[in-house]
Amino acid sequence: MSEHPGGSPAQRPDLPPHEPGPQELRDMAITGKAILSERGLRTVPPALFDIRQLEHIDLRGNRLTAVPAELFALPNLRTLRLDLNDLSSLSAGLNRARVLEVLTLSRNELEELPAEIGELQRLIMLDLRENRLRHLPAEVGELPALSHLFLEQNQLTSLPAQLAEMVRRSISLEVSNNPWDDPLPELFERGTTAVADYLASLVDGEPLYEAKLILVGEGNVGKTSLVAALRGEPFVRDRPTTHGIEVQPVALPHPDTDAQMTLRVWDFGGQEVYRVTHQFFFSSRALYAVAWKPREGQEQNEVEGWLRRIRLRVGAGAKALVVATHANERAAELAYAQLQDALPGLVAGHHEIDSVDGTGVDALRQAIADEIARLPQMGQLLSRRWIAVRDEILALAGTRPQLDHADFAAVCARHGLSASETGTLADLLHDLGQIIHYGDDEGLRDIVVLNPEWLTKAISYVLEDRATREGGGVLDHHRLRQIWGPRDGEDGYAAEHHPYFLRLMEKFDVSYRLTDDPDRSLIAQLVSQNRPPLPWDAATPIRPGSRCLRLVCELNEPAPGLISWLTVRHHAASAGLHWSNGVFLRHPIAAYRSEALLQLDGRQLRLQVRAPSPDLFFNVLRDSVEYLVRSRWPGMTYTLLVPCPAAVADGTALCPGSFPLPGLIGLRERGRTTVDCMACFGQHDIAQLLTGFTSTDFPRIKEELQQLHTEVSAVGNSVRRLLRAIGPEVTDCPRLFTVERQERSWLQRLNPFHEHHYLTLWCEHPGSWHPHTAATYELAEPKAWLTEVGPYARVVVNALRIIAPAVGTIADLAGAADVKAPVEQMKGILDSLPPYPRDSGYHWGSGLGALEGGALRRFRQFMFTIDSDRAFGDLRRVIDPSGDYLWVCPDHYHAYDPGLPVLPR
């Protein structure tokens, strides 16, 4: 038997079986409960079958390998808990549990569920976490009462179409840690509506055999001629160089079936100026080919460099072929074994071809077919209607580079897609790289890009602009008509699209508009290589009242563009001090008094933050670095180190020692307060290394929080920790709220639940947290509802009580005086409820406990019920630079999505 995570022998002791005795059986008949957890039982005691009064049976943590049908036949059985056993299947007879409401089977060995599970008409919760399930029977989607379905940590790759309506009615669905086929991972990120639309579409689905080949390499190595050869087209001498991206289809027979596969070959221009945009089209669901010219050699053609970029951008699952072109001119001398050793698992083969006479092309075509047939999306179902829309849209790419979203929607409507399906399909095609459309961006949602070359060439013209380069990366918007106007016999780009291009560059983290001059943008990739004078650097003494936090992120590979992207992502904190390898920042909320220096030295990114309370800005920037590295370079590995703060003997430099960040966190969690440096042999306070505050500072900080005199950044950090803890649980509805009552008379005040009660959602914009009155809902049964969501509501109200006094010191918050009253009123209402266990699992900085997590999911279900349109008073979901989801009001939304720029005429 394999051991499950969390199911260690210590949690399930190997005890001799302990059967219930006669008195215990009599008690079960009286109470209706059989609590038999961790008894070492290998079979279900037959005596239970005769106790027809049983309603709740707990057999968790035993050694059961089967569940007899007689157990399911108990007529009053409502709850059956079988977690942490050795069940590999469920016996026949499950459908006899007619009144069963809760069935928990987590941490077993289940490989399948019987179809008869669909007959459990009263089942509310089904917990299947940490099993071996490879598929879910369609009958699960027929359970009318099911509201909680837990599927984490199985081997599931797909969901049955029958689950669509269940998902649409906002079932609590937990799906993490499964090897889902595309496009489910992206759809889970987008929310329940997208998942439901996709599943519903599969009712008329048909297998799809399509893939993407991304062809890269230096310029003028024959990539475009190679594509033509794969398509069976004649060789053309002196073919024009590819600028940007060209996409061509190639038909290939499936090597194992009668299916015909469609391969879309993306021919990427080799010039370096295009690489900043090309990487956004790299995908894990593609095959790669690196073309090189033997006459120029492997090193000059950057073969290993291109392979490393693929591995960094795509991750460990990437597969690539190495293709030597011009094979008739010179034999290819390739250190293939060396490449395989340097990049294990990436290089799937090497080929020599010559496009002039077709040498080696057939063998290459077969190798490509063999590789793409193994891609996980091959044979996936997709709605016939969705395929028809996709094909009609992509057919337009040959005649026009883009179309209005209204035209896209008209095509969808003509094929019978609803408005919701239209949005989901647009998002799906964007995720698949077949169109470019940002439906959640006000400035970009109206245009659907069909031809990526149209886009990448426009951006490359800006990156090539001499005046912008000579201006230190500052782009004057007055010049855009010249940059994007007619050139080299081409018509150029219509002026109506110029704002779109500029906004898209912001979306790609290529540029941002200067705050003090909205008619100019900074192109971070083009800033000067010379570091400007800074207010401080690593050697500058820390001013009194400030503390310092440092971090080093050691990368296993160079990260091209990292500083440029960080500069753009954190432009709200720009101090106007940036260069090619670094940026100096000031937190945009002046009350935080936080400054930071980010500098890249080779493969080491150094971060230093100075502030009276530095951990908020420090954690924001650290999380931003990690999010950017993980999202832009999935194949990158990195180590986070905290430098030793001690000075060397003469005081001229810092100790060269460092501490692994995870190690420091682990020591703190185990109660350690100090750690020794192995370089200077000094002893250091762990809390100070992690937060800037010593262990002895914390009681004073807590007292200052209560007295409302602490730095507001400490408050911001507490709230951010809460939202990060909630993040993995719920991303598709707002999370902060208050409950108030509308008082009527002194007599009614004697009963706190007699008045009308209202729930108001909050804007989560950091530093400007506030109730959003447009998102206010009346509670029909406030006491019952608050009892259900109480564990989570208490976590929220404790966080808001920290927020309320601090927001008054933050200059950009409107109506700060109104914040405290609703929070205190909600606390009073919650205090009138029965108490919950004090330690239910949630601690600042960690995830929610089981009690609060369940209450949060009930809150989410309630919000989807009371606001069926999911408008949430026009609160909108955004992603901050650290990759965290936030829900913000319209006033603060433009801090994340500034809309289209107004360009000078």
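This is a predicted model: local features need pLDDT of at least 70, side-chain atom pairs count only at pLDDT 80 or more; totals for chains, interfaces and linings use all residues.
1. A few of the pairs are worth a look.

2. Start with Arg390. Its side chain bridges to Glu210, with the closest N and O atoms 2.7 Å apart. The two sit 180 residues apart in the chain, Arg390 in helix H11 (residues 384–395) and Glu210 in strand E9 (residues 210–216). Both Arg390 and Glu210 are buried.

3. Arg390 also has a salt bridge with Asp391, this time with 2.8 Å between the closest N and O atoms. Buried or exposed, where does Arg390 fall? With a relative accessible area of 2%, Arg390 is under the 20% cut-off and therefore counts as buried. Asp391 comes out at 37%, so it is partly exposed.

4. Glu392 pairs with Arg414, N to O at 2.2 Å. Arg414 belongs to helix H12 (residues 405–414) and Glu392 to H11, so this bridge ties together parts 22 residues apart in sequence. Arg414 is exposed at 54% relative accessibility, while Glu392 is partly exposed at 28%.

5. There's a network too: salt bridges link Asp441, Arg503, Glu506, Lys507, Arg513 and Asp897.

6. Now some helix packing. The axes of H18 (residues 562–569) and H19 (residues 615–632) come within 11 Å and cross at roughly 125°, so the two helices are oblique to each other. The crossing is right-handed. On the H18 side the contact uses Leu562, Trp565, Leu566 and Arg569; H19 brings Ser624, Val625, Tyr627, Leu628, Val629 and Arg632. By type, that contact has seven nonpolar residues, one polar and two charged.

Note on methods
Residues are numbered from 1 along each chain as its sequence is written. Side-chain values use heavy atoms; hydrogens and water are left out. Axes are lines fitted to C-alpha atoms, for helices over the stretch in contact, and angles run from 0 to 180 degrees between N-to-C directions. Helices (H or I, at least four residues) and strands (E, at least two) are DSSP runs, numbered from the N terminus. Angles under 35 degrees count as roughly parallel, over 145 as roughly antiparallel, 65 to 115 as roughly perpendicular and the rest as oblique. A crossing is left-handed if the near helix is turned anticlockwise from the far one by less than a right angle, and right-handed if clockwise. Contact means heavy atoms within 4.5 Å. Ala, Val, Leu, Ile, Met, Phe, Trp, Tyr, Cys and Pro count as nonpolar, Asp, Glu, Lys and Arg as charged, and the others, Gly among them, as polar. A salt bridge is a side-chain nitrogen of Lys or Arg within 4 Å of a carboxyl oxygen of Asp or Glu. Buried means under 20% relative accessible area, exposed over 50%, partly exposed in between (1.4 Å probe, protein chains only).
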